[in-house]
Amino acid sequence: MPTKTTPAPPAAAVAADAHWAATQERLRARTRPTAKLTICDDLDVKKGLEVARYTLRRLEDQAKESPDDKAAQAAVVSARADLEAAQAAFDEVAIVLTFRALPRKAFEALKRAHPATEEQAEDDLEFDVDSLGPELVSASSVDGITVEDARDYLDTWGEAEAAELFGTAWGVQQTTRMDLGKG
């Protein structure tokens, strides 16, 4: 496979901005966005984590109102320890799936490969979600989810969970990390 040569920055740009070469290198080194989908089937562990977060927030608020109250400060320390334990229990049972945005041309080609059916086109859809979904989940999965596994998950999981799986794979394609501020 031939190696790609990096062109030198334009001399005028370098003269106008001494940092252009470094800026250009940083732009070339950018990684594509990633997104995580966390699945926890243990409702007791999930609830325990939520309760620990809530309890810590509540106790921190109380401690702010009474900064000299040693019992309130001790309760915050204890609640932080409880939250760490609840988070560790959650992390132990949770499944984390990671998705990475595809290169733009690959994403566009994937959408073109799954055109909308006539019925879907009448509903102003541009592609067939049913056929695109498993392909997109697989292609953007960092964990190596196969097309067959993705199809199985999308077909057998509950509607909300299947939508969340597809939504995570789709959403990472739409992620922007730019700020068009006032410069």
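1. F107 is a buried residue, with a relative accessible area of 6%. In this predicted model, F107 belongs to an aromatic cluster whose other members are F127, F166 and W170.

2. The structure contains four aromatic pairs. One of them joins F107 to W170 in an edge-to-face arrangement, with 5.3 Å between the centres and 65° between the planes. F107 sits in helix α5 (residues 104-112) and W170 in helix α9 (residues 159-171), so this pair ties together parts that are 63 residues apart in sequence. The angle of 65° is over the 60 degrees required, so the pair counts as edge-to-face. W170 is partly exposed, at 22% relative accessibility, whereas F107 is buried at 6%.

3. A stacked aromatic pair is formed by Y153 and W157, at 4.9 Å centre to centre and with 20° between the planes. Planes under 30 degrees apart count as stacked, which is why the label applies here. Y153 is partly exposed, with 23% relative accessibility. W157 is partly exposed too, its relative accessible area being 26%.

4. Where does F166, a member of the aromatic cluster, sit? Its place is in helix α9. F166 counts as buried at 16% relative accessibility, the limit for that class being under 20%. Once neighbours within four places in sequence are set aside, F166 is in contact with V129, G133, L136, V137 and L154. For one of these, G133, the C-alpha to C-alpha distance from F166 is 6.1 Å, across 33 residues of sequence.

5. Q120 lies in helix α6 (residues 118-122). Is Q120 buried or exposed? At 15% relative accessibility, Q120 counts as buried. Its contacts, leaving out neighbours within four places in sequence, are L125, F127, D128 and V129. Of these, F127 is a member of the aromatic cluster, and V129 is also in contact with F166.

6. D124 is worth a check of the backbone. The residue has a positive phi of about 65° although it is not a glycine. D124 is located in the loop between α6 and α7 (129-140). The residue is exposed, with a relative accessible area of 68%.

7. E148 is found in helix α8 (residues 147-156). With a relative accessible area of 54%, E148 is exposed; the class begins over 50%. The C-alpha atoms of E148 and P134 are 7.3 Å apart in space, and the two residues are 14 positions apart in sequence.

8. Q62 belongs to helix α3 (residues 43-65). At 37% relative accessibility, Q62 counts as partly exposed. Between Q62 and V76, which are 14 residues apart along the chain, the C-alpha separation is 9.1 Å.

9. For the chain overall, the secondary structure consists of nine helices and two strands. Read from the N terminus, the order is α-α-β-α-α-β-α-α-α-α-α. The radius of gyration is 24 Å, well over the 16 Å that the globule rule gives for 183 residues, so the chain is more spread out than a compact globule. Along the principal axes, the C-alpha atoms fill a box of roughly 65 × 55 × 35 Å.

10. What percentage of the 183 residues in the chain is buried? The buried residues come to 27%. Among contacts in the chain with a separation of 6 or more, 64% are between residues 24 or more positions apart. The F107 and W170 pair, at 63 residues apart in sequence, is an aromatic link over such a separation.

11. The charged side chains number 22 positive and 34 negative. The centres of these two sets lie 11 Å apart.

Terms used. Residues numbered from 1 in each chain as written. Predicted model: local features only at pLDDT ≥ 70, side-chain atom pairs only at ≥ 80, totals over all residues. Heavy atoms only, no water. Helix = DSSP H or I, 4+ residues; strand = E, 2+ residues; numbered from the N terminus. Rg over C-alpha atoms; globule rule 2.2 N^0.38 Å. Buried < 20%, exposed > 50% of the residue type's maximum accessible area, 1.4 Å probe, protein only. Contact = heavy atoms within 4.5 Å. Lys, Arg positive; Asp, Glu negative; His and termini not counted. Charge placed at Lys NZ, Arg CZ, Asp CG, Glu CD. Phe/Tyr/Trp six-rings, centres within 6.5 Å; stacked < 30°, edge-to-face > 60°.
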